Amino acid sequence: MTATQRRGRKIMMTPGELEEFLTAERTCRVATVSADGAPHVSPLWFVWDGGSLWLYSITRSRRWADLRRDARLAVVIDAGREYDELRGAELSGTAAFVGEVPRTGEPHPVLEPVERLFARKYFGLDALPHDGRHAWLRLTPDAVRSWDFRKLGSPQAPPSDR
């Protein structure tokens, strides 16, 4: 599924831990490349289906325009407040546009389970209401890097910049 993580093996998440983390967390940060080469990062809700990260994006956003021109992206999902609580994952690869743009609810067998997951996770509903402004992006990652500082044991201060 992904490239092997070389550094930080002591603190990387196991496949089960990563699955649980990506299923439970609610907000990610999506990084794209603008037309002038500048990075653009924006928060977004997502669902994880066990192999792909699904992003429900406004189609008139800078993020959407960036991905239409260059579909490469990186996504970070993280949690924790104190240093010894920090954990997260970075997923990178190429976005795929799935379904009609914008999404109006046309029958789509690939999107039905994804929309059900999304509707339950964020709205407590069994079906996703479509507003004619959003559409689906799928990231099946080429690379995944994860970290869980809780595996370090006792609390540690972050390294000094000096």
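**What the terms mean here**

Reply: Happy to! Exposed means over 50% relative accessible area, buried means under 20%, and partly exposed lies in between (1.4 Å probe, protein chains only). This is a predicted model, where local features need pLDDT of at least 70, side-chain atom pairs count only at pLDDT 80 or more, and totals for chains, interfaces and linings use all residues. Residues are numbered from 1 along each chain as its sequence is written, and side-chain values use heavy atoms, with hydrogens and water left out.

Me: Which residues of α1 are buried, and what makes them lie on the same side?

Reply: In α1 (residues 15-24), Leu18, Phe21 and Leu22 are buried. They span an arc of only 95° around the axis, so they sit on the same side of α1. The arc is taken from the directions from the helix axis to the C-beta atoms. An α-helix has 3.6 residues a turn, so residues three or four places apart point the same way.

Me: What covers the buried residues of α1?

Reply: The cover includes β2 (39-48), β4, β5, α3 (111-123) and β7 (143-148). Helices (H or I, at least four residues) and strands (E, at least two) are DSSP runs, numbered from the N terminus.

Me: Why is Gly80 called partly exposed?

Reply: Gly80 has 44% relative accessibility, so it counts as partly exposed. Gly80 is found in the loop between β4 (72-79) and β5 (87-98).

Me: Which residues does Gly80 touch, not counting those up to four places away in sequence?

Reply: Gly80 touches Glu85, Leu86 and Arg87. Contact means heavy atoms within 4.5 Å.

Me: And why is Trp45 partly exposed?

Reply: Trp45, in strand β2, has a relative accessible area of 34%, and therefore is partly exposed.

Me: How do you know that β4 and β5 pair?

Reply: Two strands pair if DSSP finds at least two bridges between them. β4 and β5 have eight, in the antiparallel sense, so by that rule they pair. One of the residues involved is Ile77, whose bridge partner in β5 is Ala89.

Me: Which other strands pair with β5?

Reply: β7 pairs with β5 in the antiparallel sense over six bridges; there, Ser92 has Ala143 in β7 as its bridge partner. Strand β6 (residues 134-139) also pairs with β5 in the antiparallel sense, over four bridges, and Ala96 stands opposite Arg138 in β6.
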